[in-house]
Amino acid sequence: MNAWLTDTRLKWILAISLVINIFLIGAAVGAGFVVKHHLRDFQRPLAMQKAWRDATAGTTREERHHIYLLTKAAALSGETDMAKARALRAQARVLVSQEPYDAAQIAMLSEQARSAENDARGKIENALILNMKDLPVRERTFMLTTLLRASGRFDRFIAKDDKPPVKVDAPAPK
């Protein structure tokens, strides 16, 4: 009878230990997700986020929301062209992985995608320019320096003597 009592106790202890371990594993996984989520808040902000905060410092919530809505409407004006560009680039990716390799077709798809992206950027910039008239000068300056700036994605490839390319300033307004 003593052996049976010991076996029963051992089984209960093992069952309780299993439940506690499962609970602890779940808690550890949950804590990992929470920590990972909160670490994103402490990461270095993107340049655009910093520029947005700097430009909108001292503005009301309504003013910031107004700038956001203008920017969102402008971005949506180019979405059709961007969807077309994404579809063309997806076609090019498929062709790259096929034999025989058709460089001319891939180049044509790339050119069409680039053209669609440029069309989208033009629509977005025009929508921003037309809608900026309602903004104060400070917000218009922010829009110009952050959203309407020239792309420098490839500047590092054309650097000479380990120096970045010369920046060209816009001519002073007359």
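A salt bridge here is a side-chain nitrogen of Lys or Arg within 4 Å of a carboxyl oxygen of Asp or Glu. The views below show a predicted model.

**Figure 1. Salt bridge between R86 and E79**. The closest N and O atoms of R86 and E79 are 2.4 Å apart, so the pair meets the 4 Å cut-off. R86 is partly exposed, at a relative accessible area of 45%. E79 likewise counts as partly exposed, at 34% relative accessibility. The structure holds 5 salt bridges.

**Figure 2. Salt bridge between E117 and R89**. The closest N and O atoms of this pair lie 3.0 Å apart. Because E117 belongs to helix α5 (residues 103-131) and R89 to helix α4, the pair ties together parts that are 28 residues apart in sequence. The relative accessible area of E117 is 24%, which means that E117 is partly exposed. R89, at 29% relative accessibility, also counts as partly exposed.

**Figure 3. Salt bridge between E125 and R121 in helix α5**. Here the closest N and O atoms are separated by 3.0 Å. Both residues lie in helix α5, 4 residues apart, or about one turn of the helix. E125 is partly exposed, with a relative accessible area of 22%, and R121 counts as partly exposed at 35% relative accessibility.

Figure 4. A polar contact of 2.8 Å joins the side chain of D81 to that of K123. When neighbours within four places in sequence are set aside, D81 is in contact with A116, D119, A120 and K123.

**Figure 5. A87 and A113**. A87 is found in helix α4, which spans residues 79-96. The C-alpha atoms of A87 and A113 are 8.2 Å apart in space, while the two residues are 26 apart in sequence. A87 is partly exposed, at a relative accessible area of 41%.

**Figure 6. Nonpolar surface patch that includes W12**. The patch is formed by W12, I16, I20, F23 and L24, which together have about 580 Å² of accessible area. W12 lies in helix α1 (residues 2-42). At 57% relative accessibility, W12 counts as exposed.

**Figure 7. The chain as context for the close-up views.** The secondary structure comprises 6 helices and 0 strands. Of the 174 residues in the chain, 15% are buried. The accessible surface amounts to about 14,300 Å², and carbon and sulfur atoms account for 63% of that area.

Definitions and conventions: Residues are numbered from 1 along each chain as its sequence is written. This is a predicted model: local features need pLDDT of at least 70, side-chain atom pairs count only at pLDDT 80 or more; totals for chains, interfaces and linings use all residues. Side-chain values use heavy atoms; hydrogens and water are left out. Patches are made of residues with over 30% relative accessible area and no salt bridge: like charges are joined within 9 Å, nonpolar side chains (Val, Leu, Ile, Met, Phe, Trp, Tyr) within 5 Å. Accessible areas come from the Shrake-Rupley method with a 1.4 Å probe; for residues, only the protein chains shown count as cover. Helices (H or I, at least four residues) and strands (E, at least two) are DSSP runs, numbered from the N terminus. Buried means under 20% relative accessible area, exposed over 50%, partly exposed in between (1.4 Å probe, protein chains only). A polar contact is a pair of N or O atoms within 3.5 Å; within protein, one must be able to donate a hydrogen and the other to accept it, and residues adjacent in sequence count only if both atoms are side-chain atoms. Contact means heavy atoms within 4.5 Å.
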